[in-house]
Amino acid sequence: MSKFKLFTSLAAFAFVLLAVGSPAEAQRNNGTIYLCVNATNGQLRAVNNANECKKHEVTIVWNTKVLKGDKGDPGPTGPTGRQGPTGLQGPKGDTGAIGPPGTAGQSVTVIDVPPGANCSTGGLMLTDVSGNHFICNGVPGPEGDPGAVGNPGQSPVVTAEAGGANCVYGGLKITSASGVNYVCNGAPGTSGGGASEIYYTKTRVAGFNGDLVPASGGFIEMATLSLPEGSYLVTARAGLRYLPGAGVTDPSSIVCKLSDGTLSQEIRPLFTSPRPPGTSDFVVSATLPMTFGPGGGTARWACSAQPNDIQHALISSNNHLQIWAIRASALHIQ
């Protein structure tokens with residue numbers, strides 16, 4: 001028998017046997033069927049194991065169970081599934097515990113700083129909890145154009161004011177460029193022997209002859225007023241006259257000072273005008289608050305003329321030389 005025929009017969013017999021084989025036989029041999037096929041005539045017989053086949057027989061082993069193969073390669077990734085609906089919001093959690101108090105803040109302080117490394121033209125330094133901060137002045141701008149010439153000033157004119165609507169107990173009327181003001185006397189005291197509230201003099205100091213242009217120059221003291229301890233409003237006034245001086249017309253200036261002899265209580269009004277060719281009169285006045293300690297003090301009224309020569313002669317008449325003082329407690333400004 002040829003090999004092709006033999007194997008064909010064997011296959012046919014195997015399938016027939018598989019179809020009609022005893023299930024009990026397969027179970028007894030753990031699902032395996034053993035066949036011995038005669039290689040000469042093609043006869044076959046079932047056995048319990050492969051060792052029972054003879055030399056002239058071909059052993060066929062048939063397992064009725066399905067064998068598990070090797071794990072295959074992963075398949076391609078499938079498409080992304082559709083997103084599901086958003087779930088319901090959960091309940092609000094409990095409030096956490098209060099944290100510890102923070103560090104105390106620092107109030108901002110502001111001080112002036114002079115010109116230097118931080119501000120070349122000076123400025124302000126602000127200090128807060130974060131440190132120092134600077135606000136600097138700008139660079140000074142160029143000098144502006146001169147302003148228009150102001151209106152000439154007006155020396156105050158002081159006259160006595162009788163008792164009436166302006167001052168119930170009388171006083172002084174002061175007229176200046178700013179208008180009319182009144183310095184009124186206070187009401188009379190109820191006790192006798194009290195100190196006077198107004199002090200006044202128009203007496204020249206000894207040795208003053210009215211000439212303001214001595215050969216030595218400097219200030220010429222014209223009048224003084226002694227005052228007791230207290231605070232006062234002191235006013236002085238001088239009426240001056242230019243005398244003819246051979247047609248001289250160059251500018252001249254007059255500086256007067258009302259003081260107690262110290263710079264701390266002093267005022268210096270200045271009068272400047274061209275020297276007129278003929279006789280000319282003008283007035284210089286000053287008002288200054290003064291305070292004197294125990295023992296009182298003296299208010300002094302002096303003037304100086306420039307240039308100091310006989311061609312610019314100035315005189316002061318006795319009728320236009322005055323000093324008066326009002327005690328501060330008696331002042332009543334309307």
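Reply: On a 1 Å grid over the protein atoms alone, a cavity is a set of points where a 1.4 Å probe fits but cannot get out; a pocket is an open set with protein on both sides within 12 Å along at least five of seven lines; lining residues have an atom within 4 Å of a point. This is a predicted model, where local features need pLDDT of at least 70 and side-chain atom pairs count only at pLDDT 80 or more, while totals for chains, interfaces and linings use all residues. Residues are numbered from 1 along each chain as its sequence is written, and side-chain values use heavy atoms, with hydrogens and water left out.

Me: What makes a residue part of the lining of the largest cavity, and which residues are they?
Reply: An atom within 4 Å of a cavity point is what counts. Pro156, Val158, Thr235, Arg237, Ser285, Ala286, Thr287 and Trp324 line the largest cavity. Strand 12 and strand 16 each give at least two residues to this lining. The largest share, three residues, is from strand 16. Strands are DSSP runs of E, at least two residues long, and helices are runs of H or I, at least four long, numbered from the N terminus.

Me: How many cavities of 30 Å³ or more are there, and what is the volume of the largest?
Reply: One cavity reaches 30 Å³ or more. Grid points are joined across faces, edges and corners, and the volume is the space filled by probe spheres set on the points.

Me: What about the largest pocket: how much space is in it, and what lines it?
Reply: About 160 Å³ lies in the largest pocket. It has 10 lining residues, and the closest to its centre are Pro156, Ile174, Ser176, Asn181 and Thr287. Strand 8 (171-176) and strand 9 (179-184) each give two or more residues to that lining.

Me: Why is Arg237 called buried?
Reply: Buried means under 20% relative accessible area, exposed over 50%, and partly exposed in between (1.4 Å probe, protein chains only). Arg237 has 15% relative accessibility, so it counts as buried. Its place is in strand 12.

Me: What does Arg237 touch?
Reply: Contact means heavy atoms within 4.5 Å. Not counting residues up to four places away in sequence, Arg237 touches Val283, Val284, Ser285, Trp301, His320, Leu321, Gln322 and Trp324.

Me: Is Gln322 buried or exposed, and how do you know?
Reply: Gln322 has a relative accessible area of 15%, so it is buried. Gln322 lies in strand 18. Leaving aside neighbours within four places in sequence, its contacts include Tyr200, Thr235, Arg237 and Trp301. Gln322 and Trp301 are 21 residues apart in sequence and 8.8 Å apart in space, C-alpha to C-alpha.

Me: How many aromatic pairs are there, and by what rule?
Reply: Rings of Phe, Tyr and Trp (its six-membered ring) pair if their centres lie within 6.5 Å; planes under 30 degrees apart count as stacked, over 60 as edge-to-face and the rest as tilted. The count comes to two aromatic pairs. Tyr199 and Tyr232 are edge-to-face, at 5.7 Å centre to centre with 85° between the planes. Tyr199 is in strand 10 (residues 198-201) and Tyr232 in strand 12 (residues 230-242), 33 residues apart.

Me: What makes the pair of Tyr232 and Phe292 tilted?
Reply: The centres are 6.4 Å apart and the planes 55° apart. Phe292 lies in strand 16 (residues 280-292), 60 residues from Tyr232. Ring pairs link Tyr199, Tyr232 and Phe292 into a cluster.

Me: How do you know that Tyr232 and Phe292 are buried?
Reply: Tyr232 has a relative accessible area of 3%, so it is buried. Phe292 has 7% relative accessibility, so it counts as buried too.

Me: What makes a set of residues a nonpolar core, and how many residues has the largest?
Reply: A nonpolar core is a set of buried Ala, Val, Leu, Ile, Met, Phe, Trp, Tyr and Cys residues joined through side-chain atoms within 4.5 Å. The largest has 31 residues, and those with the most contacts inside it are Met222, Leu227, Val234, Leu258 and Trp301. Apart from it lies another core of six residues, among them Leu172, Ile174, Val183 and Ile326.
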